[in-house]
Amino acid sequence: CTGNGICKCRVCECFPNFTGSACDCSLDTTPCMASNGQICNGRGTCECGTCNCTDPKFQGPTCEMCQTCLGVCAEHKDCVQCRAFDKGEKKETCSQECMHFNMTQVESRDKLPQPGQPDPLSHCKEKDVDDCWFYFTYSVNSNGEANVHVVE
């Protein structure tokens, strides 16, 4: 019974908060909680402690990543700009507002992470305050940690 119940006459009797024939399905919804406090970001159902995203545009452990939505790049543009290049709209408030992701600088665009990795990934091309293009990727891993790779 996967350690979550007691076997009686070849049938698992599950402890509270577990269900399934082998008590392998957790009823705990904590892993499904999105950063906005909603279960699966309101875009999926929590099944056995894992989000099943019902809105096909959204994916990730809590249905918060949307590859085709406008916003992932624009939303993080100012923070990436101040962290990587020490300029932009949030230059003065960078240390308070922009520490919510891990950042790695890479030498060139071909060194950025490529699609096909397990974590949902957004490729971004944004203009900085000097009207120059800068490139970065934004991804969230299964622990909910955001990772940014930016071209130097």
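What share of the contacts in the protein chain between residues at least 6 apart in sequence join residues at least 24 apart? I looked this up before anything else. The share is 32%, where contact means heavy atoms within 4.5 Å.

**Ground rules**

I note that this is a predicted model, in which local features need pLDDT of at least 70, side-chain atom pairs count only at pLDDT 80 or more, and totals for chains, interfaces and linings use all residues. Residues are numbered from 1 along each chain as its sequence is written, and side-chain values use heavy atoms, with hydrogens and water left out.

**Entry: the whole chain**

I listed the secondary structure next. The protein chain holds two helices and 12 strands. These are DSSP runs numbered from the N terminus: helices are H or I with at least four residues, strands are E with at least two. Along the sequence I read β-β-β-β-β-β-β-β-α-α-β-β-β-β. The radius of gyration of the chain is 20 Å, well over the 15 Å from the globule rule for 152 residues, so the chain is more spread out than a compact globule. I took the radius over C-alpha atoms, and the rule is 2.2 Å times the number of residues to the power 0.38. The C-alpha trace spans about 70 × 30 × 25 Å along its principal axes.

I then turned to burial. Of the 152 residues, 34% are buried. My cut-offs are under 20% relative accessible area for buried, over 50% for exposed, and partly exposed in between, with a 1.4 Å probe and protein chains only. The accessible surface comes to about 9200 Å², by the Shrake-Rupley method with a 1.4 Å probe. Carbon and sulfur atoms account for 48% of that surface.

Charges came next. I have 13 positive and 21 negative charges, and their mean positions are 3 Å apart. Lys and Arg count as positive, Asp and Glu as negative; His and the chain ends are not counted. Each charge is placed at NZ of Lys, CZ of Arg, CG of Asp or CD of Glu.

**Entry: domains**

The domain assignment gives domain 1 (5-66) and domain 2 (70-151). Such bounds come from an automatic or database domain assignment. The two centres, taken over C-alpha atoms, are separated by 30 Å. The contact takes five residues from domain 1 and seven residues from domain 2.

Where does Arg10 lie? I find Arg10 in the loop between β1 (5-8) and β2 (11-14). Its phi is near 65°, a positive value in a residue other than glycine. Arg10 is exposed, at 83% relative accessible area.

Asn17 lies in the loop between β2 and β3 (18-19). Phi of Asn17 is near 80°, again positive in a residue other than glycine. I note Asn17 as partly exposed, at 46% relative accessibility.

**Entry: Thr45**

Thr45 is in strand β5 (residues 44-47). At 36% relative accessibility, Thr45 counts as partly exposed. Leaving out residues up to four places away in sequence, I see Thr45 touching Cys40, Thr50, Cys51 and Asn52. Thr45 and Trp133 are 88 residues apart in sequence, and 39 Å separate their C-alpha atoms.

**Entry: Phe101**

Is Phe101 buried or exposed? Phe101 is buried, with a relative accessible area of 3%. I place Phe101 in strand β9 (residues 101-106). Neighbours within four places aside, Phe101 is in contact with Cys79, Val80, Arg83, Ala146 and Val148. From Phe101 to Val140, 39 residues along the chain, the C-alpha distance is 9.0 Å.

**Entry: Phe134**

Phe134 is in strand β11 (residues 133-140). Phe134 counts as buried, at 4% relative accessibility. What does Phe134 touch, not counting residues up to four places away in sequence? I list Lys77, Val80, Gln81, Phe85, Cys124, Lys125, Glu126, Lys127 and Asp128. Phe134 and Met103 are 31 residues apart in sequence and 14 Å apart C-alpha to C-alpha.
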